[in-house]
Every structure is written in C-alpha cells, then in structure tokens.
Amino acid sequence: MEPMTLRAVGLCAGIPTQKGEIRAVNDVSIDVPAGSIVGIVGESGCGKSMTARAIMGLMRSPARMTGGEIWLNGRDIARLPERQRRALRGSEMSMIFQEPMTSLNPVMKVGRQVAEAVRLHANVSRQEADRRAVEMFEAVGISDAASRARCYPHQLSGGLRQRVMIAMAMVCRPKLLIADEPTTALDVTVEAQILRLMRNLCDAGTSILLISHNLGVIAQLCDYVYVMYAGRIVEQAGVIKLFDHPAHPYTRGLLNAVSSLRRGGERLDTINGVVPNLLRLPEGCSFSLRCDACEARCAQEMPELREIAPGHKARCHLAEREAWS
Amino acid sequence: MKQSLLRRFIQAVIVLLGVALMIFIMLRVVPGNPVATMMGEHADIDTIQRMTAELGLDQPIHVQFARYVLDALRGDFGTSYSMGKPVSQLMAAAFGNTLALAVAAALFAWVVGIACGIVAAVRKNGLLDHLFMGFSLLGVSMPVFMVAMLLQYVFAYHLHWLPISGVDSWKGYILPAIALGWNSAGSVARLVRSTLLDVLQQDYIDTARAKGRGQPGILVLHALRNAMLPVMTMMAMQLSSLLSGAVITETVFSINGIGRLAVQAISGRDIPLLQGTALFTTLVVVLGNLLADSLYAVLDPRIRREA
C-alpha cells in the first residue's frame with residue numbers, strides 16, 4: 001500500500017447551538033497519499049473548510065471536533081495535547097487561506113512573517129530566518145525577493161500575497177499543505193500561476209489537500225476527489241473517473257451546471273432547491289429533497305458510502321444502477 | 001511624510017490663531033467691566049478710566065488683538081489683573097503640578113485600562129470580564145467630583161492611608177490620579193476589549209495559528225499591535241485633555257494647577273490670565289491631535305505611505 005501523508009478516519013465536527021448541535025462534518029474519512037493532490041469539492045457550507053480546520057486543529061470556538069482520528073505521517077494527532085499539536089502546525093502540516101488580502105498581518109513586513117514561521121520551528125538566528133524567508137520567496141516565484149520581503153502586505157498585489165502565504169506555509173518544508181480555496185479571490189491569470197506553483201510543490205514531494213468549490217480548479221490539479229454535501233462525503237473517485245462517470249446525482253448536478261455553460265445552452269442547469277438546514281436534515285439521504293431520481297427509500301434510509309468500482313465510492317441507493325449507464 | 005507634517009503644523013497654527021481670536025472677542029463682549037471688578041466697589045470713575053487706558057482696553061478691538069498676538073509671540077501674555085504677576089510666570093508655576101497630575105492619571109488609566117481590556121477580551125464572558133467591565137462602566141459613568149469625594153472619604157478620612165488634599169509628597173497624587181484617571185481607564189479598557197475581540201477574529205490570526213504560534217505570542221505579536229491603533233488615538237486625546245488642566249480634580253484636591261488657575265481667572269474677571277489658560281488648553285489639544293496622527297503613522301504602515 002502506498003504511504004499516506006494524511007489519513008482522516010470518521011472525522012466529526014460540530015457547532016453547539018441552543019437548538020442542538022449543528023453537525024457540520026459528519027463521519028468524513030479522507031486519505032491523502034504521499035506526493036498527490038487530493039481535492040474536496042462542494043458548495044458553500046457543505047463542511048469542506050471545517051474539515052480542513054479540524055485536520056489543522058484550527059477550529060474557531062464554539063466549533064469543535066467531536067470525533068475521529070487524524071493520522072499524519074503514521075501518527076494519530078487528533079488526541080495530542082494542544083502544545084504538541086501546535087508544534088506540528090507550520091512544520092509538518094500547514095495551511096493557506098482563501099483571502100490573501102486579509103490573511104497577512106497588516107502591520108508586519110511580509111519577510112518577517114515568513115521568518116517568524118522559521119523561528120517557531122527551527123532554532124536559528126533572526127538573520128538566518130530572514131535569509132531562508134528570502135530564499136523561499138524566490139522558490140515560489142517572487143521576483144526581486146529581497147526587497148519584496150521588506151514590504152508590508154498592502155504594498156503587494158493579491159497574487160503576490162498568496163505567494164507570500166505559500167512561502168510562509170512551505171518554508172519549513174511540511175509534508176502536507178492544506179489549501180482552502182487558495183485562488184478564489186484571485187483573477188484567472190493569477191489563479192493559473194498559483195495552480196502551477198502548487199503543481200510544482202507537489203512534484204517536489206508535498207502532498208496537498210485542496211479545498212475548492214471550483215470544479216475547473218479541481219479537474220486541473222487533483223489526482224483524487226471527494227465530493228461533500230451537507231457535512232458528508234457523498235462521492236469519491238479518481239479525478240478522471242469522477243468527471244467521466246459521476247455516480248451521485250449531486251455530483252452530476254454540479255457537473256451539469258458547468259457543462260451547460262460550455263454547451264452554450266439557453267439556460268444554466270441548476271440543482272433544484274437549497275442546501276438543507278443542518279439542524280433539520282431529512283431522515284434519509286440528505287440530498288433526497290433536491291434529487292430528481294429520489295425514490296421512496298431515499299427519503300427513509302441514509303445510504304452508506306459504498307464502493308461501486310475500484311477506488312470509486314458513492315453515497316446513493318441508486319448508484320450501482322446508474323454509474324455505468 | 002515631511003510634507004504632511006508641515007501641512008499639519010500650518011493647520012495647527014491657524015487653529016491656534018482662530019481660537020485666540022474667538023476667546024479675545026468673547027471676553028470683550030460679555031457684559032461687565034473688568035476694570036471695575038478689579039478696582040472694587042469704591043473706585044471712582046476717573047480712576048477706572050485711567051486704568052482702562054493704561055491697560056489698553058480703550059483701544060479698538062483689532063488693535064488690542066494685534067498687540068496681544070505680537071506680545072504673545074514674544075512670550076508675553078500680559079500681566080494678571082488679580083495677582084499682579086506675568087501670566088506666563090503664573091502658568092509655568094501651575095503647569096508643573098498639572099503635568100505631574102496628568103502623568104500620574106495617564107499612567108494609572110493606561111496601565112489599568114489596557115491590562116483590564118486585554119484580560120477581559122481573553123476571558124470573554126468570564127468572571128474577570130464582567131468584573132472589569134463593571135468597574136469601567138462605573139468609571140465612565142460616575143462624575144469626577146463624586147469619585148474624588150468618595151475616594152477622599154474612604155482612603156483619607158476613614159482609613160487614613162493617604163492625604164486628603166494637597167501635593168506635598170508623591171502620595172498626594174495617588175487619589176487625584178485615580179479620580180481623574182478612572183474615567184479614562186474605563187474607556188480605554190472598553191476600547192481595548194472590543195478592538196482586541198475584533199482583531200482576534202481576523203484572518204491573519206488564523207494564519208499565525210497555522211504557522212504554530214501559541215496564544216500568548218499571537219496576542220502580543222499579532223493582535224495587540226493591530227488592536228492598539230484606535231486605542232492610541234484615544235490615549236493621545238486623553239493626554240491632551242488631562243494636560244490642559246483638570247478643573248474639578250484640582251479644585252477638590254487643592255492642587256495649584258492650570259485648571260485651578262482658570263477657575264480663579266474666571267471668578268476674578270482676569271482677562272489676561274483667562275486668555276492665557278484658554279490658549280494653553282488649545283495648544284495642548286492641538287499638539288495632542290498632532291501626536292495621535294504621527295503615532296498612528298508610526299504604528300500603521302498603511303498610513304505611513306499614503307500620508
């Protein structure tokens with residue numbers, strides 16, 4: 001079996017409210033093999049960011065992880081005390097965020113912010129840390145690195161800031177990079193550059209967990225994809241298989257919405273209805289209320305995530321029948 | 001940066017001149033003859049007229065103003081009617097006490113205010129949060145004279161820990177500093193708490209956590225410096241209001257400062273002295289704002305470049 005950089009098993013996370021616990025992440029298992037890019041795709045609020053934060057141990061109170069195991073490089077880190085967990089952040093696993101505009105401290109020079117990550121995990125002098133930061137700036141394709149390192153975030157463009165974020169995440173050479181919508185706030189040409197950079201990082205040995213709602217980005221970059229809906233994984237497959245033979249009606253809906261644009265149809269294909277309230281999920285399949293193919297048992301019984309082909313799983317009662325049709 | 005400072009400086013001069021003119025005119029249109037007040041009830045008309053001419057008060061108002069400004073530029077703010085000494089000399093003597101009181105009050109207000117604000121934010125909705133915010137609410141809402149008298153009653157009259165009034169030793173400054181500073185401490189604590197809570201929700205705090213910073217490092221290195229930006233502005237304003245003389249505190253605790261001088265000037269219709277103290281207050285406020293703006297630029301690189 002190929003070595004896994006990250007293996008999350010049965011991850012659960014929730015937000016306690018007065019009306020009960022919102023189960024934002026429900027029994028999510030994700031594998032990120034070494035040297036690959038794995039994607040999580042889904043619409044806003046489906047729990048993909050929360051999954052990433054749970055893995056990083058960066059839940060924002062009152063949200064909290066309620067169960068599951070997180071194996072990082074063969075070690076279960078879910079139950080480590082916060083101090084040890086913190087030592088892993090930035091050194092063995094790191095994360096970049098959606099908004100490069102607001103993700104950098106506005107009153108600190110960007111070089112210093114990268115050097116800070118170095119100094120937190122390596123016992124080196126300030127000069128050495130600064131030097132490594134500039135080196136990393138060059139590695140992520142920031143031209144004129146030494147002088148850019150002395151800039152404040154507001155003096156840099158969005159693309160440069162995201163490069164700074166990537167430099168910060170990568171400066172201690174972590175095995176796993178979690179990228180939460182890294183290009184959503186960027187324009188398309190800059191997006192292409194950042195995606196290329198991430199591809200290069202992966203080729204150099206970093207495993208990447210990429211979170212996106214953008215199927216184009218997923219298709220371009222990922223080796224394997226998880227589709228999330230209402231806090232659960234509804235389908236998972238290799239990227240080509242998923243795009244060629246989507247088994248879950250939700251995945252098909254997502255793909256149709258994109259391909260109807262490409263076909264130049266009169267109307268955009270959409271998925272009916274809205275995302276269900278996580279406090280009042282339907283009894284059976286979470287997607288049943290919006291599903292065109294919904295049958296009687298779909299409304300009563302939550303389907304299991306079943307393997308329908310090697311490496312291809314779907315959470316749908318009807319998946320087997322339709323997968324190869 | 002230099003250009004903007006120069007512009008600010010010119011603005012400050014204009015504000016000072018404008019305020020001086022307004023005080024000048026107001027003091028001359030209020031009813032009542034200052035010379036008559038000064039000479040007492042039994043002065044005859046001839047003496048009053050001679051005195052008026054001697055003081056230059058019979059001249060047209062623009063001539064008086066021009067003379068006042070020219071004299072002021074040479075450091076001569078006239079001679080106090082009621083005390084017979086140069087205004088500059090009286091104010092210099094009083095300023096020492098006001099400065100000491102202001103520094104003591106500011107130290108108390110900021111150390112206590114910032115510390116309480118940080119603790120309250122970190123322990124949001126906890127016991128300490130409620131306790132500190134309660135104290136700050138008291139400080140913000142109680143009038144200074146009441147705080148002052150309560151403090152005198154408890155710590156001087158009952159417990160005999162501290163002198164009831166006067167500033168013969170440093171101990172004399174403690175109660176007035178608390179009375180004067182409590183209000184500022186309260187507003188600083190509230191502002192620190194709310195901005196810190198806001199800053200702690202920012203994305204760059206997540207970034208700092210993601211690179212492995214612990215809570216104390218995040219608080220000191222990332223959150224506090226950002227949270228202090230609006231607080232600095234408030235503190236600079238407070239400093240100027242403290243420095244321009246605390247009328248009530250100085251009166252209650254018998255401290256011979258600028259505030260008390262102003263009260264004496266008003267009750268004695270002492271025009272030169274009143275002009276002097278009012279002008280001084282304006283100067284301090286203008287300088288305080290200038291300080292706030294420059295501090296902001298030092299702390300916030302975004303403003304530094306735009307300025």
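Among contacts in chain B (a contact being heavy atoms within 4.5 Å) between residues at least 6 apart in sequence, 70% join residues at least 24 apart. This is a predicted model, in which local features need pLDDT of at least 70 and side-chain atom pairs count only at pLDDT 80 or more, while totals for chains, interfaces and linings use all residues. Residues are numbered from 1 along each chain as its sequence is written, chains are lettered from A and ligands numbered from 1 in the order in which they are written, and side-chain values use heavy atoms, with hydrogens and water left out.

## Chain B

Chain B has 14 helices and zero strands, where helices (H or I, at least four residues) and strands (E, at least two) are DSSP runs numbered from the N terminus. Taken along the principal axes, the C-alpha atoms of chain B fill a box of roughly 85 × 55 × 30 Å. Of the 307 residues in chain B, 43% are buried; buried means under 20% relative accessible area, exposed means over 50%, and partly exposed lies in between, with a 1.4 Å probe and protein chains only.

## Aromatic pairs

Over all chains, a search of the whole structure finds 10 aromatic pairs. Rings of Phe, Tyr and Trp (its six-membered ring) pair if their centres lie within 6.5 Å, and planes under 30 degrees apart count as stacked, over 60 as edge-to-face and the rest as tilted.

| Pair | Centre to centre | Angle between planes | Class |
|---|---|---|---|
| B:Phe24 and B:Phe65 | 5.2 Å | 70 degrees | edge-to-face |
| B:Phe95 and B:Phe280 | 5.2 Å | 75 degrees | edge-to-face |

The pair of B:Phe24, in helix α1 (residues 2-29) of chain B, and B:Phe65, in helix α4 (residues 61-73) of chain B, links distant parts of the chain, 41 residues apart. B:Phe24 is buried at a relative accessible area of 1%, and B:Phe65 also counts as buried, at 16%. B:Phe95 belongs to helix α5 (residues 87-122) of chain B and B:Phe280 to helix α13 (residues 271-299) of chain B, so this pair ties together parts that are 185 residues apart in sequence. Here B:Phe95 is partly exposed, with a relative accessible area of 26%, whereas B:Phe280 is buried, with 15%. In chain A, ring pairs link A:Tyr229, A:Tyr250 and A:Phe287 into a cluster.

## The interface of chain B and chain A

How many residues of chain B are in contact with chain A? There are 22 of them, in contact with 30 residues of chain A. Between them the two chains bury about 2300 Å², 52% of it on carbon and sulfur atoms; buried area is the accessible area (1.4 Å probe) that two parts lose on being put together, summed over both. In chain B, the residues that lose the most area to chain A are B:Arg209, B:Ala210 and B:Lys211, together 27% of what that side buries.

The rule finds five salt bridges across this interface, a salt bridge being a side-chain nitrogen of Lys or Arg within 4 Å of a carboxyl oxygen of Asp or Glu. The side chains of A:Glu116 and B:Arg213 meet in a salt bridge with an N to O distance of 2.5 Å.

On the side of chain B that touches chain A, α9 (203-210), α10 (215-243) and α14 (301-306) of chain B each supply at least two residues, and the largest share, six residues, comes from α9(B). The residues of this side divide into five nonpolar, seven polar and 10 charged, where Ala, Val, Leu, Ile, Met, Phe, Trp, Tyr, Cys and Pro count as nonpolar, Asp, Glu, Lys and Arg as charged, and the others, Gly among them, as polar.

In helix α3 (residues 110-121) of chain A, the buried residues include A:Gln113 and A:Glu116. What covers the buried residues of α3(A) includes α4 (126-139), α5 (145-148) and α6 (158-170) of chain A, together with α10 of chain B. A:Gln113 itself has a relative accessible area of 1%, and, leaving aside its neighbours within four places in sequence, the residues in contact with A:Gln113 include A:Met108, A:Met168 and B:Lys211.

A:Ser44, in the loop between β3 (37-41) and α1 (48-56) of chain A, is by contrast exposed, with a relative accessible area of 63%. The C-alpha atoms of A:Ser44 and A:Val275 are separated by 9.0 Å, although these residues are 231 residues apart along the chain.
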